[in-house]
Amino acid sequence: MKSSLMQRVMLFQDARGCDKFLLGGKGFGLVEMTSLGLPVPPGFVVTTDVCKQYYGDGGRIPDGLMDEIRTKIAAVEKETGKRFGGEDRPLLFSVRSGAPFSMPGMMDTILNLGLNDRTTERLAAATRNERFALDSYRRLIQMFGKVAMGADAAAFEKILDKRKAKVGAKMDIDLPPDEIRGVVEDFKAVIRDQTGSEFPQDPFVQLEMAVEAVLKSWNNERAKEYRRYYRIGEDLGTAVNIQSMVFGNSGETSGSGVGFTRNPSTGEKKLFGEYLPNSQGEDVVAGVRTPLGIERMEPGIRSQLEGVAKKLEAHFKDMQDFEFTVENGKLYTLQTRNGKRTAQAAVKVAVDMAREGLITPEESVARVEPEALESLLHRRLDPSSRDKPLAKGLDASPGAASGEVIFDTDEAAVMGTTKKVILVREETTPEDIKGLIAAQGVLTMRGGMTSHAAVVARGMGKPAVVGCSEIEISQDGSSFVTKTGEKVMKGETVTIDGTTGTVYKGEVKMVDPEPTPELTELLKTADRVRKLGVWANADTPDAARRAREFGAEGIGLCRTERMFNAANRLPIVRDMIMSRDAEARKTHLYRLFPFQLSDFRAIFEAMGGRPVVVRLLDLPLHEFLPTLEDLIVDVHSMQRKGASPEEIGRAEAMLTRVRQLSEHNPMLGHRGCRLAVTYPEIYEMQTRAILQAAIELSREGKEGARVKIMIPLVAHAGEFRYLRGVVEKSAEDLFRELGAKVDYQVGTMIETPRAALTAAEIAKASDFFSFGTNDLTQTTFGFSRDDVEAKFIPKYIEMGILPQSPFDSVDAAGVGKLVRMAVEDGRRVKPALEVGICGEHGGDPKSITFFASAGLNYVSCSAFRVPIARLAAAHAALSSATKAVTA
């Protein structure tokens with residue numbers, strides 16, 4: 001990259017070698033396309049440094065900036081033979097934002113800048129096309145009034161709708177010149193009435209106001225919301241791209257379009273895109289008219305576009321999303337960027353490009369973000385479903401979703417936090433970003449495959465059906481009606497299938513996903529690259545089998561609570577809790593033994609030779625009893641209804657026991673290893689069931705699991721030593737009784753700060769460690785997760801106190817420091833100590849990167865997140881290798 005001390009404003013041809021963090025993504029693409037010799041209209045970039053300086057100076061355009069811009073305008077004037085502000089052959093500009101990371105539609109754009117009353121008349125005369133000149137001026141006033149002067153966008157739309165209704169025009173392009181002239185005057189009046197200022201006639205005043213408006217748009221609400229969702233840094237800033245205009249709205253041999261070098265929904269290697277004749281680029285992405293498929297373009301232009309696509313892929317070595325304009329039969333390229341794509345397309349494109357030799361297999365792994373796989377692992381519509389479609393639109397973003405119909409964006413943003421909703425709009429705009437984030441999917445009446453709704457939904461991995469002209473939304477936004485007359489009210493449930501573009505009434509049955517061949521190949525490559533093991537959390541045979549299917553190498557957490565609280569076992573557990581002495585407790589515990597023996601046999605058999613870490617009982621006993629409130633109500637009800645003394649006595653005894661077991665803070669109370677120190681017979685029974693299951697499978701010649709018994713919530717080495725003794729004595733007694741033995745290990749969860757701080761002492765007695773980062777996060781922060789996530793963590797994130805919830809991604813500075821310390825101290829005592837993590841962080845890509853750097857052996861996560869963890873572990877290995885090379 002060139003020095004950051006360079007000029008703040010650079011012509012496209014002079015900025016080669018600068019990166020997208022200085023030029024912004026759009027500027028970087030324009031610079032690269034110019035260097036490739038593609039037909040790029042001349043222009044220049046105001047760098048992101050200016051945006052940072054603008055906000056650093058309290059929202060003031062830096063001194064001397066407009067003088068630098070004037071110098072670059074002179075160079076563009078010389079190159080084009082046109083003059084900015086000139087009446088003969090006027091030079092007009094587009095002024096567009098461009099952040100380092102793509103933020104489609106989130107910031108502002110102004111087209112046709114430089115037009116005024118006089119230049120519009122001269123443009124009309126020069127082109128002999130009055131309608132084109134007036135339409136361009138109308139567009140400028142509308143965009144400029146909204147973006148640079150703060151006028152209400154809806155007021156402009158009402159004027160357009162009124163004029164169209166007056167002459168019976170269906171589309172904006174159907175308005176005759178006289179009506180557009182009237183629209184221009186009406187638009188000026190809106191600006192005058194709403195802002196108290198006139199639309200500026202001086203092109204240089206327009207330009208300065210437009211530059212400032214784009215800089216301000218970095219901090220508009222929709223841009224901030226988008227950055228929060230995608231975790232894009234607030235300090236990156238936007239560039240401003242000032243480019244000479246070419247006109248897709250100058251007649252029937254002109255138009256604008258968006259192309260993808262490959263299909264962004266499926267990944268198919270074929271030019272994909274849309275084209276809207278006699279339009280400007282904003283018409284295409286805004287979805288106000290449904291465009292034509294690129295295959296319907298004039299063959300000569302389509303052939304040129306295929307050449308552009310081939311050149312872009314060869315240069316950028318990634319699928320490109322590019323904008324183009326055709327002006328009177330001549331093609332121009334206006335933008336390129338790495339294309340937003342579905343997870344399915346991302347995987348296919350990466351694998352195909354590796355097969356084609358464009359990128360290496362390792363690069364194909366790095367190309368797919370681990371989080372993107374989540375949408376591939378979601379359920380899809382059951383192919384055997386016989387539900388009748390309600391309507392059909394364009395299949396803009398694959399996957400299926402069901403939810404309540406909501407027409408209002410703000411309402412969807414609120415309701416989507418507590419229930420599943422489908423956002424239904426005529427078309428979406430960037431202001432709809434909150435609703436899109438909260439909704440399960442989106443359905444629009446208008447718009448094409450490259451419209452705002454389609455692009456944003458694909459980027460978020462959400463299903464989208466767009467351009468569904470078979471529905472009509474009522475004027476009051478309370479319902480939509482299909483072409484067959486069927487009405488769907490707000491709040492009713494619909495299902496959308498973004499893979500086929502189909503809409504159904506009600507909730508349609510769905511089935512589990514099946515990995516594509518490309519995903520299987522990508523994950524095999526990831527497995528070759530990664531160093532970190534990937535295990536799964538599973539506590540049923542079905543979950544264990546599913547984990548293996550997704551590529552899990554073991555079970556890192558087999559919870560045993562389900563083996564106590566299943567419906568046919570809970571009465572036995574309650575009898576055990578109500579027992580007055582250890583012998584009575586043992587009697588009831590061994591009534592549970594056959595159930596747990598059967599459970600462990602099935603799980604071990606499903607894992608066939610792989611490790612299974614069984615966590616002994618962790619829950620406090622009161623979790624298995626009715627609540628205090630329910631029991632009080634029951635006792636009063638029995639007394640009122642005249643129940644027998646025996647029934648009332650049993651209920652009162654249980655009420656007394658619940659009161660005895662009640663705790664002010666159960667999370668820090670009598671649970672985990674503390675419960676077992678008090679009642680060791682619980683762990684004795686569990687140990688026997690675990691090891692007998694392994695012995696029985698071995699005797700039957702079946703491949704069982706490598707058994708690892710894990711003791712939870714240890715805070716003191718003394719607790720662990722005592723309970724290890726309980727486990728070992730139970731094992732020795734069982735081996736002697738059965739005349740057989742199996743290998744097993746005994747380890748502990750590290751989920752309290754003291755355990756992490758005294759890991760060296762605990763490691764002397766422990767065969768392995770497994771971090772329980774959920775509880776470790778709670779105890780390190782002093783947070784009660786159930787309370788803080790709803791009450792104040794969102795506010796902390798909004799205020800910048802926390803970058804994200806520490807329960808979503810591990811807190812590397814605090815909790816992470818304890819993890820590193822425990823790993824290092826434990827291995828000083830026992831160099832080969834196996835260390836894993838089995839909390840929810842085990843499936844979070846950002847956390848996985850940290851755990852790899854901390855030296856863990858494996859992560860364990862839910863079965864459906866295993867593919868994500870496999871890919872994230874490979875990313876961590878590639879990142880580590882890159883750092884080692886550059887160090």
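Modeller: First, the angle. Axes are lines fitted to C-alpha atoms, for helices over the stretch in contact, and angles run from 0 to 180 degrees between N-to-C directions. Keep in mind that this is a predicted model.

Now the sheet. It is open and has 5 strands, in the order β10-β9-β8-β11-β12. The pairing is antiparallel. β10 (292–293) and β12 (330–338) are the edge strands. Each has a single partner strand, so one side of each is left without a neighbour in the sheet. Tyr 275 has Leu 292 in β10 as its bridge partner.

Next, the helix. α11 (residues 299–316) lies across β11 (320–327) and β12. The helix runs at about 145 degrees to β11.

Elsewhere, look at the cores. The largest nonpolar core has 119 residues. Phe 604, Ile 682, Phe 771 and Leu 856 have the most contacts inside it. Helix α26 (residues 681–699) gives this core its largest share, 10 residues. Leu 856 touches Phe 771, and its other contacts include Leu 532 and Phe 851. Another core, of 93 residues, lies apart from the largest one. Val 46 and Met 245 are among its members.

Last, the second largest pocket. Its volume is about 780 Å³. The lining has 32 residues, and Met 667, Arg 671, Asn 774, Asp 775 and Gln 778 lie nearest the centre. Helix α30 gives the most to this lining, with 4 residues.

Conventions
Residues numbered from 1 in each chain as written. Predicted model: local features only at pLDDT ≥ 70, side-chain atom pairs only at ≥ 80, totals over all residues. Heavy atoms only, no water. Core = buried A, V, L, I, M, F, W, Y, C linked by side-chain atoms within 4.5 Å. Buried < 20%, exposed > 50% of the residue type's maximum accessible area, 1.4 Å probe, protein only. Helix = DSSP H or I, 4+ residues; strand = E, 2+ residues; numbered from the N terminus. Contact = heavy atoms within 4.5 Å. Pairing = 2+ DSSP bridges. 1 Å grid on protein atoms, 1.4 Å probe; cavity = no way out; pocket = protein on both sides within 12 Å on 5 of 7 lines; lining within 4 Å. Points joined across faces, edges and corners; volume = space filled by probe spheres on them. Lists of a residue's contacts leave out its neighbours within four places in sequence.
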